[in-house]
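Keep the structure open while reading.

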Amino acid sequence: MEEMSVGVVVEGSTGARPRAGDLAPRDLREWLARAEALGLVKRIAEEVDWDEEMGAITYMLSQEIDSPALLFERIRGCPPGFQALWNMVGSSRDRFALAIGEPVGLSVMELIQRCRQGFNRMIPPTEIDPGQAPVNTNHMVGDEVDVTIFPAARHWPRDGGRYIGTADAVITRDPDAGWLNVGTYRMMVHDRNHVGLYLSPGKDARLHIERYWSRGEPCEIVAVWGVEPALFITASQTFPKTMSELDFVGGMKGAPIELVKGRVGSLPYPAQAEIVMEGVIPPNSLKMEGPFGEFTGYYGRPEDLAFLVEVKAVHYRDNPILTHALMADYPANECALLYALARSARVWNDLEKLGVPGIKGVYCHPAAAGGFAMTIVSLEQRYAGHAPQALALAAQCPGGAYFSKWIIAVDDDVDPSDTNQVLWAMATRCNPVEDIDLLRQTWSTWLDPTQNPPEERPYSSKALINACMEHRYLKTFSKRTKVGRKVYERVAERWKALGFPGAPPKLRALEE
Ligand SMILES: Cc1cc2nc3c(=O)[nH]c(=O)nc-3n(C[C@H](O)[C@H](O)[C@H](O)COP(=O)(O)O)c2cc1C
């Protein structure tokens with residue numbers, strides 16, 4: 001893996017237009033205003049219940065692709081002005097584009113390329129004066145802390161409690177090297193000043209906590225509970241475990257994320273956030289947590305022990321917005337399109353940095369457990385063993401290893417984001433007895449319902465499916481039926497005259 005030094009802006013090699021960093025919204029409110037101006041947000045002024053109702057409304061509305069983000073303005077039992085945002089990115093490419101300062105109307109593959117470029121540059125955070133930070137408008141410190149004033153919600157009927165952190169960003173410090181990690185992890189309210197933190201095996205914050213505890217030390221933690229989407233998107237990606245992930249947020253936005261010094265702890269926190277918590281996890285501090293309706297579309301694991309956080313301080317804006325992420329089957333799953341775009345970009349960048357040539361596209365299908373379970377790689381086969389190599393690396397690289405079960409390689413005449421094309425390739429270029437390999441004992445999570453009993457779940461398996469034309473017989477492999485290029489161009493020119501609306505379809509493969 002190519003090392004990138006902190007503090008240096010590294011330009012991506014993906015050929016996208018130069019970043020217009022000033023286009024990225026500065027905070028959640030600016031992003032909301034831009035999305036609302038385009039009709040991509042719906043405000044709900046009617047009072048709603050935190051107990052299942054916001055979750056149900058979001059699920060019902062999100063059965064359609066491109067459903068709006070939902071801003072609930074009045075929530076039962078919450079102070080006036082306290083709001084909750086659901087379906088922030090949802091299945092909307094345009095809301096994702098707005099988050100990272102890109103124009104609306106881009107295709108899936110164009111957005112993946114823009115993400116690749118963002119992740120390939122690193123812009124370290126800047127520190128601003130605490131007095132200038134909008135999140136420092138209101139404080140609750142020590143005995144004043146009461147997290148129950150915020151519109152935390154039970155998302156699903158069998159959830160074990162009210163969740164305050166789902167679309168969040170959790171910051172911890174590596175106890176050895178000192179770099180800051182940011183991850184998206186669920187947090188459940190226990191009482192006024194305690195929240196649970198669920199971490200799957202191998203997640204960075206979990207490794208940090210375990211290392212602090214092994215030395216008998218507490219682990220400090222910051223959680224952003226009202227988060228801007230660019231921070232949320234980046235926090236939910238897996239980066240090499242040796243780098244400060246906040247630098248990637250700057251890269252995605254094209255501008256540094258602004259931090260302020262911690263008020264009660266030593267970790268800094270995002271100045272432009274809506275709501276931020278500072279806390280500690282003392283050694284062996286665990287409490288029963290969950291279950292929670294998860295990204296798989298099932299309740300993950302039964303109630304079990306999870307980290308117990310003591311909340312030392314909470315800072316928030318006036319009329320704060322708590323951000324929620326509904327986990328569900330597609331397209332109602334908040335992480336599905338997010339991973340289809342950002343995780344695909346991470347895997348593609350990893351393959352490129354490892355030096356695998358000929359990669360023409362990567363796509364993590366959003367319907368496969370929120371983008372976690374399936375990775376499709378399109379490549380130009382250049383040498384014997386090329387496709388199996390790409391498969392094995394895509395399956396195990398940092399950006400793509402967690403949970404993925406189905407890794408599929410297709411030739412470069414197949415658009416990996418086109419399900420019909422991928423199924424066609426699997427049906428006509430894959431001979432199952434020859435072309436499927438299995439990896440065993442791979443990285444997974446207690447949340448995978450396919451493995452029982454639940455304690456077994458962190459060890460999973462992966463199928464590597466080679467749906468490329470057989471390399472040995474590439475020259476003689478049956479010829480695909482393709483429209484001739486000259487005919488295509490002639491017809492495309494006469495498209496309107498022939499009486500067809502719109503532009504002629506682009507074809508990925510033409511007979512030369
Ligand atoms: C909305 C959402 C919620 C998530 N919740 C959790 C969670 O509760 N626990 C967990 O371990 N990972 C969760 N993830 C996945 C992690 O955020 C993701 O694997 C990320 O890479 C973790 O950061 P890390 O690599 O720095 O550990 C969630 C992702 C999303 C998008």
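## Basis and terms

Two residues are in contact if their C-beta atoms, placed from the backbone, lie within 7 Å. The model is predicted: local features need pLDDT of at least 70, side-chain atom pairs count only at pLDDT 80 or more, and totals for chains, interfaces and linings use all residues. Residue numbers start from 1 along each chain as its sequence is written.

Helices (H or I, at least four residues) and strands (E, at least two) are DSSP runs, numbered from the N terminus. A residue is buried if 20 or more other C-beta atoms lie within 10 Å of its own, exposed if 12 or fewer, and partly exposed in between; the C-beta atoms are placed from the backbone.

Cys-115 sits in helix H4 (residues 108-119). It has 29 C-beta neighbours inside 10 Å, so Cys-115 counts as buried. Leaving out residues up to four places away in sequence, Cys-115 touches Leu-341, Ala-342 and Ala-345. Cys-115 and Ala-345 are 230 residues apart along the chain, yet their C-alpha atoms are separated by 5.9 Å.

A nonpolar core is a set of buried Ala, Val, Leu, Ile, Met, Phe, Trp, Tyr and Cys residues joined through C-beta atoms within 7 Å. The largest one here has 148 residues, and Leu-341 and Ala-409 have the most contacts inside it. Helix H8 (residues 336-353) gives the largest share of this core, 11 residues. Beyond its neighbours within four places in sequence, Leu-341 contacts Phe-96, Leu-111, Ile-112 and Cys-115. In soluble globular proteins, nonpolar side chains tend to be buried together.

Strand E7 (residues 169-173) is largely enclosed by the rest of the structure, because 5 of its 5 residues are buried. Ala-169, Ile-171 and Arg-173 lie on one side, Val-170 and Thr-172 on the other. E8 is buried on both sides too: Leu-180 and Val-182 point one way, Asn-181 and Gly-183 the other. In a regular strand the side chains alternate between the two faces of the sheet.

Two strands pair if DSSP finds at least two bridges between them. E7 pairs with E8 in the antiparallel sense over 4 bridges. Thr-172 has Asn-181 as its bridge partner in E8, and Ile-171 has Val-182. The E7-E8 hairpin has 6 residues between the strands, and Gly-178 there takes a positive phi near 85°. E7 also pairs antiparallel with strand E11 (residues 219-226) over 3 bridges. In E11, Val-222 stands opposite Ile-171.

## The E4-E12-E13 sheet

An open sheet of 3 strands runs in the order E4-E12-E13, with mixed pairing. Strand E4 (126-127) and strand E13 (269-270) stand at the edges with a single partner strand each, so one side of each has no neighbour in the sheet. E4 and strand E12 (residues 258-260) run parallel, joined by 2 bridges. Thr-126 stands opposite Glu-258 in E12.

Ile-257 lies in the loop between helix H7 (246-253) and E12. Is Ile-257 buried or exposed? Ile-257 is buried, with 27 other C-beta atoms within 10 Å. Not counting residues up to four places away in sequence, it touches Pro-125, Leu-231, Leu-246, Val-249, Gly-250 and Pro-270.

## Helix H2

Helix H2 (residues 53-61) has Met-54, Gly-55, Thr-58 and Tyr-59 buried. They cover an arc of only 130° around the axis (taken from the directions from the helix axis to the C-beta atoms), which puts them on the same side of H2. Their cover includes strand E2 (69-72) and strand E3 (83-86).
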